[in-house]
Amino acid sequence: MSILVQRKDYLDKVEKIYPLDIPQKKSVQFNNKNFQYSSFHHYHTNFGVSYMFFDSYFQEDIIMDSKHEDNDVSFIIFNCSLHTSKLEDYNKKSKYIFKPNHYIIGKINKNFKSLNTYWANKHYCTHYILFKNEIFQDLIKESLNTKILYKVNGFSIEEEIPISLKQKLILDDLPTLFFLEGKLQELYLESKIIDLIYTTINDMKKTSLKDNLELNSKDIKCLYKAKDILIKNISNPPSLKMLAYQSAINEFKLKKGFKKLFGNTVFGFLQEYRLYEAKKILMDNEINISEVSYMVGYKNVSHFSKIFKEHFGINPIQIKKNQKKVYI
């Protein structure tokens with residue numbers, strides 16, 4: 001039989017940690033009839049991000065009744081335990097199992113209520129990073145293509161990723177830094193939190209890229225080779241079929257992967273590169289426009305001039321006129 005514990009009562013023992021709006025560092029350790037051992041650390045940074053560490057060993061199965069009373073936030077949560085934990089909405093109609101040695105990202109709204117289950121005779125070690133929504137969105141920009149893994153009213157999990165070795169080393173260090181005293185040590189703690197955020201967001205980007213593209217390191221190497229072939233052959237590029245063959249990648253992955261990796265289609269990239277090369281040649285050399293057009297792969301000078309103006313907002317002839325100006 002599980003024991004129901006109010007998370008609010010638990011947090012009251014940590015000297016009213018909420019609201020998390022003032023730079024501060026707090027730690028507490030205690031034992032009671034339900035917790036054989038428990039510790040809780042909290043640090044609120046100077047840049048609007050909170051870090052919390054929860055470390056407990058339960059003697060009984062525990063269901064923690066939780067209500068998020070702070071404002072809407074985004075989060076990254078790391079389960080460094082060897083065990084799963086379970087999150088359910090308050091009506092027990094939907095549940096999410098948090099895998100060991102994984103981290104999740106998501107959002108939580110004010111007044112969201114949940115039930116968190118922890119099982120007896122197991123050691124739980126969980127790290128939390130909480131962000132104001134606008135801060136987190138500014139950090140990730142549009143670089144992540146997340147997918148909703150779990151969603152109930154007021155709460156969503158958008159990604160679940162294995163914890164990397166670098167993350168694990170930082171996470172192992174963080175709790176030990178709470179026992180250091182002084183401003184310099186506090187600054188060091190904050191730098192470690194920043195390092196964890198930076199490492200995690202970069203890992204999320206890489207994982208998102210691999211998931212969406214379904215590319216391995218060999219595929220990515222082949223795509224860079226394709227890009228180099230285009231650059232070396234801008235005046236007479238190979239067909240897509242030949243480019244795929246020369247790059248040792250199939251045509252489907254070439255087209256889809258090139259767009260995802262470089263942000264442009266194969267021939268969209270080629271056209272953009274041709275135009276920038278043409279502009280550079282026009283500015284640096286006494287060569288007429290038809291010669292430049294031919295050098296970068298355009299046989300029709302009128303077509304070249306048209307797309308040049310569309311891209312740069314200026315005709316190539318105007319580049320030549322400016323290039324011929326002499327200042328005394």
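**Close-up 1. Helix H6 and its buried residues.** In this predicted model, in which local features need pLDDT of at least 70, side-chain atom pairs count only at pLDDT 80 or more, and totals for chains, interfaces and linings use all residues, helix H6 covers residues 240–247, and its buried residues are Leu-243, Ala-244 and Ser-247. Residues are numbered from 1 along each chain as its sequence is written, and side-chain values use heavy atoms, with hydrogens and water left out. Helices (H or I, at least four residues) and strands (E, at least two) are DSSP runs numbered from the N terminus, and buried stands for under 20% relative accessible area, exposed for over 50%, and partly exposed for what lies in between, with a 1.4 Å probe and protein chains only. The buried residues of H6, Leu-243, Ala-244 and Ser-247, cover an arc of only 100 degrees around the axis, which puts them on the same side of H6; the arc is that of the directions from the helix axis to the C-beta atoms. On the other side of H6, Lys-241 and Tyr-245 are exposed.

Close-up 2. Helix H7 (residues 251–262) has twelve residues and reaches 16 Å from its first C-alpha to its last, close to the 16 Å expected at 1.5 Å a residue, where the expected span is 1.5 Å times one less than the number of residues. Leu-254, Gly-257, Phe-258 and Leu-261 are the buried residues of H7, and because they fall within an arc of 110 degrees when seen down the axis, they line one face of the helix. An α-helix has 3.6 residues a turn, so residues three or four places apart point the same way. At the start of H7, a side-chain oxygen of Asn-250 reaches to within 3.1 Å of the backbone nitrogen of Phe-252, while Gly-263, just after the helix, takes a positive phi of about 75 degrees.

**Close-up 3. Helix H10 and its two ends.** Helix H10 (residues 301–312) has twelve residues and spans 16 Å from its first C-alpha to its last, close to the 16 Å expected at 1.5 Å a residue. Its buried residues are Phe-304, Ser-305, Ile-307, Phe-308 and Phe-312. At the start of H10, a side-chain oxygen of Asn-300 comes to within 2.9 Å of the backbone nitrogen of Ser-302, and just after H10, Gly-313 has a positive phi of about 75 degrees.

**Close-up 4. Strand S5 beside strand S10.** Five of the six residues of strand S5 (residues 62–67) are buried, so the strand is largely enclosed by the rest of the structure. Six bridges join S5 to strand S10 (residues 113–118), and the two run antiparallel; strands count as paired if DSSP finds at least two bridges between them. Within S10, Asn-116 is the bridge partner of Met-64.

**Close-up 5. The aromatic pair of Phe-75 and Phe-155.** The ring centres of Phe-75 and Phe-155 lie 5.5 Å apart with their planes at 20 degrees, so the pair is stacked; rings of Phe, Tyr and Trp (its six-membered ring) pair if their centres lie within 6.5 Å, with planes under 30 degrees apart counted as stacked, over 60 as edge-to-face and the rest as tilted. This pair links distant parts of the chain, with Phe-75 in strand S6 (residues 73–79) and Phe-155 in strand S13 (residues 155–162), 80 residues apart. Both Phe-75 and Phe-155 are buried.

Definitions and conventions
A polar contact is a pair of N or O atoms within 3.5 Å; within protein, one must be able to donate a hydrogen and the other to accept it, and residues adjacent in sequence count only if both atoms are side-chain atoms.
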